[in-house]
Amino acid sequence: MPRSRSSVSSRSRRQFLGASAAMSAAVAGIGVPDLFAQTGRAPAPSSLPGWRDLFNGRDLTGWVNVNTAPDTWSVKNGHLICSGKPIGVMRTDRMYENFLIYVEWMHMEPGGNSGMFLWSSAVPGAKNRLPNGIEIQMLELDFVTQGRGNRPLAYVHGETWGVDDVSAIPDNPSPNKGRSEALDHRALGRGHWNTYLVMAVDGVIKMSVNGRFVNGLSKASQRKGYICMESEGAEIHFRNIKIMELPPGMTTPEQTAKPL
Amino acid sequence: MSRTAARRGTRREFLAASAAMTGGLAGAWPAAAAQRGGAPPPPTSLPVWRDLFNGRDLTGWVNVNTAPDTWSVRNGLLVCTGKPIGVMRTDRMYENFIIYVEWMHLEPGGNSGMFLWSSAAPRGRLPNGIEIQMLELDYVNQAPPGGPPRDIAYVHGETWGVGDVKAVPDNPRGIRSKSLENRALGRGQWTTYVVVAVDGVIKMAVNGKVVNGLSQSSQRKGYICMESEGAEIHFRNLKIMELPVGMATPEQTAREL
């Protein structure tokens, strides 16, 4: 169904405010509004960040296809299903700068390849069909044993790096040049859900794989952009994709992706 | 309340908050759990906010070297008299987390702050850790006569490693890191800090903008301390979102008290 840009954005704003209000009421028992009433002063100029769905479990609201097919992305039983074909991405309907992202993912095929791009321009490369940004790698464990050269195990346990013209300094330089490798191998193989929690703030990435921060990078040359979900040949499922936006920062126009 | 009872209480609150939030947020969570047909849940869950200060009493806080009346609760606010100089600490250590806090100074040039990843063991009157500075704006006008003027950076949210804790400042003023924008408000007005503390990295938002930070902190797991440093200060909405643990080594961890 065609939907105007402005109605989508006012809808996500409503969802955001609804979620914040529900959360501040639920979490504390001591509500922010109560305190404002008690002091009679102007509210403090920022409020408690809250989680918001990036994927609503029903449809692809909030996502924009970039260069995949109409049936590449679908929703089944509350899961976001990616067929893997063709190679390409879909992107968020707006850019994000400082945030935490939470996602659960499960590969279905041996050696399946996928991932996310953060702070991305969401403009596909001419040859490889993928955009720039910070890659958050999601690989099925068999990828290292599929005989395409001597591959380091680090590949399949959550690498992160700057793709294309986006540069960054890896926390843990990997045998894969320029990449940062996880210090602990925690990813699970096909048929198992993996949980990534990624902090992306002020050019710094810290990445938790199944409950432990084991990887990261810093000084990303691009630190505000779109979030892209990657289709890269193999079926993969996602669920519970949530974002907690944090206050914006000092990102310059040069460090910001071009608005689409 | 015994230590274990306090800990059980905290866990109960945490679980209740988790349940309330997943119920309130998406609608999706229980449905997703039912759909996965008995497969084990993934080994982490969505982090949630939890009160570090409950608005009623000092549950969860341990006095280190202040007086019985230094810290009190009034109308839901945490009130610090500022006397004597010293700290109170959390009842356990934290490694990776986000802190949200609103603070308001009452006196011209009042001084306070928080210590993160701290040993909570005073050297002099204050402990080591990463200081998150909270200063009233008039502090810069109160330089001792004949001495050098005070840098404006002092009062807009500096952060640095204190004592034997070392870190690399994002925006150096000596060993300190200064905010790239001056956004703190003066006495009688609430200022909001959101501080991300993960894997030795600090990023700090002052009144809605991330303007300061540091990295490679030599200590990256420890207590959180609230500082009493001479002047009355009020706090409210002091909340923590604990994030998954990381790779902090014993050398990077404060000694358990």
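A: Two rings of Phe, Tyr or Trp (for Trp, its six-membered ring) form a pair if their centres lie within 6.5 Å; planes under 30 degrees apart are called stacked, those over 60 edge-to-face, and the rest tilted. By this rule there are nine aromatic pairs over all chains. The model is predicted: local features need pLDDT of at least 70 and side-chain atom pairs pLDDT 80 or more, while totals for chains, interfaces and linings use all residues, and side-chain values use heavy atoms, without hydrogens and water. Residues are numbered from 1 along each chain as its sequence is written, with chains lettered from A and ligands numbered from 1 in the order in which they are written.

In chain A, the rings of A:Tyr96 and A:Phe99 have centres 6.2 Å apart and planes at 70°, so they are edge-to-face. Both A:Tyr96 and A:Phe99 are buried, where buried means under 20% relative accessible area, exposed over 50% and partly exposed in between (1.4 Å probe, protein chains only).

In chain B, B:Phe97 and B:Trp117 are also edge-to-face, because their ring centres are 6.5 Å apart and their planes stand at 70°. B:Phe97 belongs to strand 6 (residues 97-105) of chain B and B:Trp117 to strand 7 (residues 111-118) of chain B, so this pair ties together parts 20 residues apart in sequence; strands are DSSP runs of E with at least two residues, numbered from the N terminus.

Strand 7 of chain B, which holds B:Trp117, runs antiparallel to strand 8 of chain B and is joined to it by six bridges; strands pair if DSSP finds at least two bridges between them. Here B:Met114 has B:Ile132 in strand 8 of chain B as its bridge partner. On to strand 9 (residues 159-162) of chain B, strand 8 makes four bridges, again antiparallel, with B:Ile130 opposite B:Gly161. Seven of the seven residues of strand 8 (residues 129-135) of chain B are buried, so this strand is largely enclosed by the rest of the structure.

Charged side chains also meet rings in chain B. The charged end of B:Arg150 sits over the ring of B:Tyr139, 3.8 Å from its centre, and B:Arg173 lies over the face of B:Tyr154, 4.4 Å from the ring centre. The criterion is NZ of Lys or CZ of Arg within 6 Å of the ring centre and within 35 degrees of the ring normal.
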